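Come along and check each entry against the picture.

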Amino acid sequence: QLTWEEFEVATTQRAYSAELQLAKAISTAEGKEDLKALWDTLDKDGDGKISGKEWGSSVYKNQDIMKKYFGGSTLSEIGQAFNKIDTNGDDLLTWDELTLQAGSYLAANNLTAAMLTEEGKAEIKALFDSLDKDGDGKVSGKEWGSKVYQNQDIMSKYFGGSTLQEIGQAFNRIDSNGDDQLTWEEFSGESAAYALSAKLASAMRDPAAKAELKALFDSLDADSDGKVSGKEWGSKVYEKQDLMKKFFGGATLSEIGQAFNRIDTSGDDQLTWDEFEAAY
């Protein structure tokens, strides 16, 4: 028997198979050695960093192993994977940046799976409550940092990081509005964002689903300027709720509406089709 929750977890894992492969490789000595050898190959000038140019120039020659660890079914998609890992946007990847990102994939997968079960959700909520020392319903950066040592195993499991410093830095990734406070919605939203990414990634890899998604994008773009604004998105939620829920998640109209902000990573209140393709 297969429950819906098991199906969702399996779908997420399938859509993010390369990312999980990367995460698992980093967690074993043999896998890390294999990945480090690839890293050294890509780092042509031996400066300990991989530039966007170095990455792009190596895609054709190393496409099979790069596809295995970074995803993508075409040379262009393998090339675009660089931007997913380059989280600070400086067009340079360090080994630490790669390993931290790999750990976050595995943690997000663990968090998503946990949030789909009552037992797992209860464990996450208990962790949240233990971090919220003053009981105000929010976890501040200071509260998070003060609890890392005491809760490092469970925090590493769900939020990534193999060192106390990396677990501490995970706070900034979850604090999407940058106010140095985490609400339960933000806390649990980490799994929603990952599940959303998985849905879109899966669609982008299926020609029929990609065409359906592009048709939806065009229907949301009411003024046909090639961009979907927050206003355009919001005005179509009721009419397109089933299709938008399918691709963007959300159980209510409000949640479907809020999915816009998770995709609009630049925060300019505009979504382009290129943003979709580059991100997923």
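I use "contact" for heavy atoms within 4.5 Å. Helices here are DSSP runs (H or I, at least four residues), numbered from the N terminus.

A note on sources: the model is predicted, so local features need pLDDT of at least 70, side-chain atom pairs count only at pLDDT 80 or more, and totals for chains, interfaces and linings use all residues. Residues are numbered from 1 along each chain as its sequence is written, and side-chain values use heavy atoms, with hydrogens and water left out.

Entry one: helix 3 and helix 5.
I found G31, D34, L35, L38 and L42 of helix 3 meeting I65, M66, K68, Y69 and F70 of helix 5. Their axes (lines fitted to C-alpha atoms over the stretch in contact, with angles from 0 to 180 degrees between N-to-C directions) come within 12 Å and cross at roughly 125 degrees. That makes helix 3 oblique to helix 5; oblique is what remains after under 35 degrees (roughly parallel), over 145 (roughly antiparallel) and 65 to 115 (roughly perpendicular).

Entry two: helix 8 and helix 10.
I looked up residues 118-131 (helix 8) and 152-159 (helix 10), and they pack at about 120 degrees with axes 12 Å apart. So helix 8 is oblique to helix 10. In helix 8, E123, I124, L127 and L131 meet I154, M155, K157, Y158 and F159 in helix 10.

Which residues does W55 contact, leaving aside neighbours within four places in sequence? I listed L42, I50, M66, F70, I78, G79, A81, F82, I85 and L93.
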